[in-house]
Amino acid sequence: MNRLKLEIEKAWNKKNSVWSTDEHIKNVIFQVIEYLETGSIRVSNYLNGKWIVNEWIKKSIIMYFSVQKMNTIKLGPLEFYDKIPIKNKFKEKGVRVVPHAITRYGSYISPGVILMPSYINIGAYIGKNTMIDTWATVGSCAQIGERVHVSGGVGIGGVLEPLQSHPVIIEDNVFIGSRCILVEGVLIKEGSVLGANVVITASTKIFDVTNEKPIEIKGIVPKYSVVIPGTYPKKFPSGIYHVPCAMIIGKRKESTDKKISLNDALRTHNLSI
């Protein structure tokens, strides 16, 4: 891996035209993407208590787009025209895929994953026994843990550039409610439960209202948080208006069954969505 990293860093400083004409560089790029495909490497790893971004892998993905040529892809009566192949051989991978789920080559889908009609982009990582429900989208380089439920219509953004930026990361045993939107490298930590329609960006205010005074945070949902959408007043030249935020209204016990439903988690806090 160190050799590949050095090769990519060296090639990155050359012009785009060199990437597509130098066969050695192309082979190195293809090898990196193959390792992403098999889960041997990841765009982001959890090391020493924090998530680390592997910028050289992001560079490899960008270079891959440059060296790949457009091709016609036929799936029965359906036809596509794109640079990136579509992942296949799901039976051998132990992955259940319901038509019309689409997964791009260079993403990794772990055994036991269920893909309802959804879309997974290159560089994404999906952990074991996770459910990606109908019309959910997982953007490039997004990292999703094990036993996560991504409900219908959820939008998980991709962060390929800037290179140093974290992708959206969802840790193990998280429940993401229907139509949530998570973008700009937000981190949803282990065991959290997000109610329907929660929107979190890097600048979204997240208020922990479980104590006498609210605590404001941004970009991260702490472990075992139960989160619902909310609003807060903000003054503008024309008056005071309410703008969206996310609210932590309770904690999910670590001992709670990992398969607890969203409704059960919210019912514990006398809420329904």
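**Ground rules.** I number residues from 1 along each chain as its sequence is written, and I keep heavy atoms for side-chain values, leaving out hydrogens and water. Because the model is predicted, I ask for pLDDT of at least 70 for local features and 80 or more for side-chain atom pairs, while totals for chains, interfaces and linings use all residues.

**Cis peptide.** I looked up the bond between P99 and H100. The peptide bond there is cis, with omega about 5°. I place H100 in the loop between β5 (96-97) and β6 (102-103). Strands here are DSSP runs (E, at least two residues), numbered from the N terminus.

**Positive phi, E184.** Phi of E184 is near 60°, a positive value in a residue other than glycine. I find E184 in the loop between β18 (181-182) and β19 (187-188). Is E184 buried or partly exposed? I note E184 as partly exposed, because its relative accessibility is 48%. The cut-offs: buried is under 20% relative accessible area, exposed is over 50%, partly exposed is in between (1.4 Å probe, protein chains only).

**Positive phi, Y224.** Phi of Y224 is also positive, near 60°, and Y224 is not glycine. Its loop runs between β24 (220-221) and β25 (225-236). I log Y224 as buried, because its relative accessibility is 10%.

I then checked β3 (residues 71-75) against β4 (residues 78-82). They pair in the antiparallel sense over five bridges; pairing needs at least two DSSP bridges between two strands. N71 stands opposite D82 in β4. Two residues sit between the strands of this hairpin, and G76 takes a positive phi near 60°.

How values were computed. Helix = DSSP H or I, 4+ residues; strand = E, 2+ residues; numbered from the N terminus.
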